Amino acid sequence: MVRFAEEKDLPRVNELRYQVGQLHAEGRPDIFKSDIFKSGFPKDLQDLAYKLMQAEEGDVLVAEREGVICGMACVEYQNKQESPYTQSRRIYHITEFAVDDAFRRQGVGRELMTFIGGDARSRGFSSIELEMWDFNEPAREFYEAVGFRTFRRFMEWDLLKDT
């Protein structure tokens with residue numbers, strides 16, 4: 001079952017966000033601060049989920065199995081202004097997405113995405129966007145399997161490794 005999170009769900013949501021934070025810190029320690037996770041998930045990061053849930057232009061979603069929250073998504077409803085190069089548009093943006101390791105490959109992520117797709121359609125969005133880090137191949141494979149396609153790419157030239 002997927003639903004909008006309630007405040008009582010946020011400690012578990014933050015446990016899942018912590019798992020993702022650790023994954024990023026291990027995958028790109030040159031970018032993500034691994035030391036912030038040594039004593040748990042920092043309060044300022046925890047508070048982001050609370051703020052998003054209370055925001056008019058955002059929500060936190062949870063997936064449950066037998067009363068256990070096993071997946072989550074943080075989403076924002078963004079308005080991008082017209083620029084000299086781009087059209088104005090509204091974006092249903094997934095800012096964070098997580099499925100507990102113990103529940104992977106059981107359809108939890110797909111259920112979350114199905115809910116997200118329905119929610120985005122009901123709000124009048126024509127597309128959903130997210131960002132992901134290239135080192136996370138399982139995430140990329142999942143997102144592509146549910147229908148996401150790359151439409152923009154960020155690239156880096158690491159000058160410290162090329163010396």
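Is E64 buried or exposed? E64 is buried, at a relative accessible area of 17%, where buried means under 20% relative accessible area, exposed means over 50% and partly exposed is in between (1.4 Å probe, protein chains only).

A quick word on the ground rules. This is a predicted model in which local features need pLDDT of at least 70 and side-chain atom pairs count only at pLDDT 80 or more, while totals for chains, interfaces and linings use all residues. Residues are numbered from 1 along each chain as its sequence is written, and side-chain values use heavy atoms, with hydrogens and water left out.

Back to E64, then. Its partner is R3, and the two form a salt bridge (a side-chain nitrogen of Lys or Arg within 4 Å of a carboxyl oxygen of Asp or Glu). R3 sits in strand β1 (residues 2–4) and E64 in strand β2, so this pair ties together parts 61 residues apart in sequence. Helices (H or I, at least four residues) and strands (E, at least two) are DSSP runs, numbered from the N terminus. R3 counts as buried too, at 15% relative accessibility. Both belong to a network of salt bridges that links R3, E6, K8, D9 and E64. Within that group, E6 is partly exposed at 40%, and K8 is exposed at 60%.

A whole-structure search turns up 18 salt bridges, including these:

| Pair | Closest N to O distance |
|---|---|
| R3 and E64 | 3.2 Å |

R12 and E15 are 3 residues apart in helix α1 (residues 10–27), which puts about one helical turn between them.

Now for the rings. There are 9 aromatic pairs, meaning Phe, Tyr or Trp rings (the six-membered ring for Trp) with centres within 6.5 Å; planes under 30 degrees apart are stacked, over 60 edge-to-face, and the rest tilted. Y77 and F125 have ring centres 6.0 Å apart and planes at 35 degrees, so they are tilted. Both of these residues are buried. F97 and Y143 instead pair edge-to-face, at 6.0 Å and 70 degrees. F97 is in strand β4 (residues 89–99) and Y143 in helix α4 (residues 137–145), so that pair ties together parts 46 residues apart in sequence.

F97 also turns up in the largest nonpolar core, which has 22 residues; among those with the most contacts inside it are F97, Y92 and M113. Such a core is a set of buried Ala, Val, Leu, Ile, Met, Phe, Trp, Tyr and Cys residues joined through side-chain atoms within 4.5 Å. Helix α3 gives the largest share, 5 residues.
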